[in-house]
Amino acid sequence: MSETFPKATEVRMAANLLAITFDNGQTRYMRSHFMKDYLDAWSPSRGKGKRSNLLVDPAWAWEGTDAKISEDGTLTLFDKDTYTPEELWKNSKKRIDEVSGV
């Protein structure tokens with residue numbers, strides 16, 4: 001039997017942070033894939049293949065507000081960046097200050 005996760009019902013973006021409201025009423029926060037890759041680029045072990053992100057200042061990286069949530073709770077940003085319901089639930093945090101710092 002597979003584990004089920006709450007589904008995203010609404011997503012708001014502030015630069016590179018996502019505020020996700022789930023069907024269980026909780027609002028949780030997580031970094032976008034872009035921000036995670038940017039922070040990983042600074043790491044000697046996790047940065048391989050991501051160093052080009054260091055050329056972009058993440059504070060100015062506004063990617064727009066084109067968020068689509070499918071019926072199964074999968075989130076797609078900008079027609080190419082996909083987040084599964086499991087990823088949204090497991091990688092998000094209850095408080096924004098838990099994801100806003102390094």
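Start with the open sheet of three strands in the order β4-β5-β6, paired antiparallel. This is a predicted model, so keep that in mind throughout. Which strands stand at the edges of this sheet? They are β4, residues 67–69, and β6, residues 81–83. Each has a single partner strand, so one side of each is left without a neighbour in the sheet. On average, neighbouring strands here are turned by 20° against each other, ignoring direction.

Now the pairing in detail. Strand β5 covers residues 75–77, and three bridges pair it with β6 in the antiparallel sense. Within that pairing, Leu-75 sits opposite Tyr-83 in β6.

Next, the other sheet. Again we have an open sheet of three strands, this time ordered β1-β2-β3, with antiparallel pairing. The edges are β1, residues 8–14, and β3, residues 27–31. Each edge strand has a single partner, so one side of each has no neighbour in the sheet. Neighbouring strands in this sheet are turned by 25° on average, direction ignored.

Look at β1 and β2. They run antiparallel and are joined by six bridges. They also form a hairpin, with two residues between the strands. Ala-15 is in that turn, and its phi is positive, about 55°.

Follow Leu-18 for a moment. Met-13 stands opposite Leu-18 in β2. In β3, Leu-18 has Met-30 as its bridge partner.

Now the aromatics. How many aromatic pairs does a search of the whole structure find? One. The ring centres of Phe-22 and Trp-89 are 4.9 Å apart and the planes are at 90°, so this pair is edge-to-face. It links distant parts of the chain: Phe-22 belongs to strand β2, residues 17–22, and Trp-89 to helix α2, residues 85–91. Are they buried or exposed? Phe-22 is buried, and so is Trp-89. Trp-89 has another contact to look at: Arg-28 lies over its ring face, 4.4 Å from the ring centre.

Last, confidence. The chain averages a pLDDT of 80, and 68% of the residues score at least 70. Among the elements of the chain, α2 has the highest mean pLDDT, at 95. Helix α1, residues 33–41, has the lowest, at 70. Where pLDDT is low, the predicted coordinates should not be read in detail.

Terms used. Residues numbered from 1 in each chain as written. Predicted model: local features only at pLDDT ≥ 70, side-chain atom pairs only at ≥ 80, totals over all residues. Heavy atoms only, no water. Phe/Tyr/Trp six-rings, centres within 6.5 Å; stacked < 30°, edge-to-face > 60°. Helix = DSSP H or I, 4+ residues; strand = E, 2+ residues; numbered from the N terminus. Buried < 20%, exposed > 50% of the residue type's maximum accessible area, 1.4 Å probe, protein only. Lys NZ or Arg CZ within 6 Å of the ring centre and 35° of its normal. pLDDT = per-residue confidence, 0-100. Pairing = 2+ DSSP bridges. Axes fitted to C-alpha atoms, helices over the stretch in contact; angles between N-to-C directions.
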